[in-house]
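The structure comes first, followed by the interfaces.

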Amino acid sequence: MIAHVTNNINYLKAKRGFMSWLVTVDHKRIGVMYLASILCFFILGGSFAFMFRLELWSPLKEFLTPDQYNQFFTLHGVIMVFLVVVPGIPAALGNFIVPLQLGAKDLAFPKLNLTSLYLYWLGAIIALYSLVAGHADQGWTMYAPYSLSRNPAVLWMMIAAFFLGFSSILTGLNFLVTIHNMRAPGMTFFRMPLFLWSMYATAIMQIFATPVLAITLVLLLLENFFGIGIFDPALGGDPILMQHFFWFYSHPAVYIIVVPGFGITSELITAFSKKDIFGYNFVAYSSVAIAIIGFVVWGHHMFVAGQSELADFLFSFLTFFTAIPSAIKVFNWTATLYKGSIELKTPMLYALQFLFNFTIGGLTGIILSILSVDIHLHDTYFVVSHFHYVAMGSTMIAFIGGIHYWWPKMTGKMYNEFWGRAAAILVFVGFNVTFFVQLVMGSQGSPRRYYHYMNEFQIYHQISTIGVIILATGLFMALFNLLASLKFGATAPKNPWGARTLEWEEADSPPVLYNFTKTPVVTHGPYAFDTEKA
Amino acid sequence: MATTATTGLPEHHVAHHFDSAQQEFDSNKMGMWLFLASEIMMFGALFVGALIFHTLHPAAFNEGSQHLDWRMGTINTFFLLTSGLTMGLAVIAAQSGRQGAVRLNLVLSILFASGFLVVKFIEYKLKIHHGTLPGRLWHGEGFHDPYVHVFYGLYFVMTGLHGLHVLIGMGLMTWCLIFRASSVQFNRKYFTPVELVALYWALVDLIWVFLFPLLYLIG
Amino acid sequence: MDNSKTFWLPEKASTFTDFVDPAFNLFFWISIFFFGIICFLIVLFTFKYLRRRPEQLASAQITHNLKLELTWTLIPLVIVMALFFVGIKGYFKMRVPPSGFMQVNVTGQKWSWSFAYPSGAVNDTLVVPVNTPVKLVMTSKDVIHSFFIPAFRTKADVLPNRYHALWFQATRTGVFPVECTQYCGTSHSYMWTAVKVVDPDNYKAWLDNASDPAKGKTPAEFGALLYTKRGCSACHSIDGSRIVGPSWKGIFGRQENCGPAGMVMVDEAYLRESMMEPAAKVVNGYQPVMPTYKGVLTDREVDAITAYIKTLK
Ligand code: HEA
Ligand code: HEA
Ligand code: CUA
Ligand SMILES: [Cu+2]
């Protein structure tokens, strides 16, 4: 029999020492370790972007050679996608919050959870090793035959992505089972906070899409080592097949990226307007709808790649349907604000930014799915801007908002509100200055992955580079503000925001080892706020 | 091991974070199903790849396929399906608490699975001998189509990955046999390990049932 | 008609601009409309319902409104379906060339383009007559490239071992940039050329001349021409500076260190081998990335290039 563990000390203090973290199976500690790792990689990936944006100040050589430039955007893309945003919200905040919001003691498979963290670290170490193993310059898309050069750095990067993929599958599997089987008494599916619905939808995509990435990477590696000839045109293979495989994963992956951001936004907007979400069912189902539709639209990345006309036709048609659930969400969030009691705290500022940026990002996505227009816009900076609006401007912004929101719960400290808000505003301005001009230069015809560009685009690039300086200032300000609170912050109350989900109403800040001192019983919906009596 | 008062069955200890044995069982089983779903997606991609190659270079596919020995494939199909049957019997035995039958059926399944691997080994050896190896390793002679090596690339990737799954399955069965079947009393309330391994094994069977006609019979 | 560039789109020079630009603008204004509504509502609600005192609650809890929600499900649905038809209509026009087109074969390789005309002319820029449909049949010698003419609003990937076609009809004369938009390595961003749209008469004259480029030239002059036309200039300089490959300046007669192959004397035979089997002897310090020109350069052209290299002292 297991020795009885006292369950009234907070999880940070329950056990001590370095080892107690490394072998922990506590979902909260695993979440914290994920968060720290992911933020480190966010800074690393951002630093690469920062450096190549400085290089782009003029079309001439600033301080990077073309090869270094190519290597930098590859590393930037791979790190940001596989080490930051894909694991991002689920692995860091999801791990911490899912059991708390469900009223469970832990995830269904705590050891598996730790395994997935170790797989993440393994993948991360291999990815870092590939930085020194040579020049990986295949782009994050790894298209064959360019990626078949047997370049060791590229190979290591593929191996890294392989492990990161498994880590992601295991996280998804764990969440799906947990949400199905471990809800607290009274926690029906339709009383679940929308964050859980978004985790649910994300998990579906992680489980069904990621294995295809894994096998694609295995085939690419085998192609590199033995030349088995599946993707290599010189050996009779089909490079377009490789693109199909890649996007079969990577399109759902973009929704793996953004759907958790939807979840956070729903939490933030309700909590800071003290309002029930407008149209809970529509918002909940639309996450699942996006997850499902997301599986059949991958071909929109290949409109000029040489797939058949019929494929172009169908993929364009299907892609437009992703607009519907997204539109529902945007409008429902906006309607939630109506007659609320809105408080512009730091997390809310990020949530509103999310709405703003996501609308731009989504609408630019729609224009890309208009076939005739995409032929012009494909592989230009317009696409770059589109996906930064949705990945950085939406997902990462929601992530940062979520970190602020749950920070008191995770650490037991309150950060400084003034600096938090100031940073949020800088981030908003910086982000939009960086990426809005990219829309313009993209539709003007400036190709992406270009070290050397035409002089007429210099002004746009310079504005963009100035933007990233503002953006980086804001992000560092936010980070220091959070870190400073660990030492100087006031002690956080149990429910500083007056939110109504379980992690705030029932769990301490920070929560005890097994989350709750007694199993919570759920009697109301997640956003059952009172109304002002007239 | 403690026993419950009402049923007299030995009780399995439920992990700390679960409320009940039922919840634990449901979770484990669902986890396994989801894992299998992801496996199917992975193999599914390979099957799609093979079919596309078949339409691109039908002649190469046929020629490659003709050099596979369908008799060995048939024997292997027999081995795997029989082991699937004995695994199923092991689950039934576990549910009804017949520990001896569990062990016997596990041993039989492992034996049939090894039979499969032995045949596969012979087949691989022949391929190496004839030089019908993927890509750069290819030194096969007397083939007409220039792309037969891609067929063998696919053959080795698919059967290799499947063979790896057979190996893992055997490992799991052995684990069940040595660590579980000897220390835990299976009964109608607790038979999770056998059930999960059997589920996994069913997938290994299923994949082979598709692999066999695709590689050996289509040509 | 106004062909100059606008804030969003580059200058116009092909028939495709007739429907691509309106499609872009149509959705641009739809976007502005929705984006405007959403921003307006966010700002309005935020300030109207801003919390004025600490414990203030919401003034109403409205949980749903089916009619409203169906409205904002259906309106976007109708809009995107309309957009789909707009897109697909244009797309089929862009895919199917009208009859009577003229064909040019395009070859992409790291990092240059070459255009081969039925008459035998080969050139490094694309020269086409105005108001004539032109079909490009494209293939690559190494990795995937992509052929993009912003002013024509068209692009297509250029694949190894396959032919991928593209057509356009230029509407006015001029010189328009062509860019490679599929990442293809070190000099991807230098893989530029131009399409020169000329009057039919000028085109005829050019074609006659280009079809026999050696006419009236010494071998060395012809070699100098090939140096640019065949894309050698992408990798070899003639002034001694190092690009991707060794500079040609002063190499003739020099001893080259070719690693495992030892020291090699640069003579006629070696130069020919370097063009036909570039991987056979790789100069120390360089990557074996030079494509083979076997079956591409004729004997006469190899001799011309050799003669040209000899002049580069
Ligand atoms: C988080 C990531 C994310 C998200 C959420 C999206 C969302 C969408 N994306 Fe994006 N996309 C990427 C990440 C993402 N994308 C990446 C990384 C690439 C490039 C990869 C690479 O090449 O490197 C890419 C590329 C890409 C392309 C290929 C471009 C090209 O290379 O040529 C296309 C084409 O169709 C596309 C479409 C869409 C669409 C239709 C949506 C939709 O889901 C958007 C839906 C949202 C809305 C529509 C807004 C809200 C709705 C309203 C305000 C209501 C009003 C709306 C209407 C009336 C329409 N995306
Ligand atoms: C989610 C993914 C993601 C994110 C967040 C970003 C973030 C950024 N990206 Fe990137 N980008 C990609 C994914 C992403 N990118 C991908 C997939 C590609 C394609 C690659 C390819 O072509 O193969 C790409 C390509 C790409 C290009 C095109 C390169 C080219 O085609 O030549 C550019 C150019 O400007 C760019 C810029 C930026 C900038 C300025 C940021 C900035 O937003 C970065 C800001 C971050 C920092 C400055 C670090 C500081 C951070 C902190 C201090 C942490 C703060 C923490 C808290 C507040 C808790 N990116
Ligand atoms: Cu050729 Cu990029
Ligand atoms: Cu996509």
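## Basis

Buried area is the accessible area (1.4 Å probe) that two parts lose on being put together, summed over both. This is a predicted model, in which local features need pLDDT of at least 70, side-chain atom pairs count only at pLDDT 80 or more, and totals for chains, interfaces and linings use all residues. Residues are numbered from 1 along each chain as its sequence is written, chains are lettered from A and ligands numbered from 1 in the order in which they are written, and side-chain values use heavy atoms, with hydrogens and water left out.

## Chains A and C

Of the 2 pairs of chains that touch, A and C have the most contacts (contact means heavy atoms within 4.5 Å). Chain C contributes 82 residues and chain A 95 residues. About 8100 Å² is buried between chain C and chain A, with 68% of that area given by carbon and sulfur atoms. C:Arg51, C:Trp72 and C:Tyr183 supply 10% of what chain C buries against chain A, more than any other three residues.

The interface of chain C and chain A holds 5 salt bridges (a side-chain nitrogen of Lys or Arg within 4 Å of a carboxyl oxygen of Asp or Glu). One of them joins C:Arg95 to A:Glu309, with the closest N and O atoms 3.0 Å apart.

## Chains A and B

Between chain A and chain B, 38 residues of chain A touch 35 residues of chain B. The two chains bury about 3100 Å², and 73% of it lies on carbon and sulfur atoms. Within the area that chain A buries against chain B, A:Asn181, A:Ile215 and A:Phe226 supply 16%, more than any other three residues.

The salt bridge count between chain A and chain B is 0. Chain B and chain C are not in contact, and their closest C-alpha atoms are 13 Å apart.

## Helices H5 and H15 of chain A

Helix H5 (residues 88-102) and helix H15 (residues 381-411), both of chain A, pack at about 40° with axes 11 Å apart. Helices are DSSP runs (H or I, at least four residues), numbered from the N terminus. Axes are lines fitted to C-alpha atoms over the stretch in contact, and angles run from 0 to 180 degrees between N-to-C directions. H5(A) and H15(A) are therefore oblique to each other; angles under 35 degrees count as roughly parallel, over 145 as roughly antiparallel, 65 to 115 as roughly perpendicular and the rest as oblique.

How values were computed:
Helices (H or I, at least four residues) and strands (E, at least two) are DSSP runs, numbered from the N terminus.
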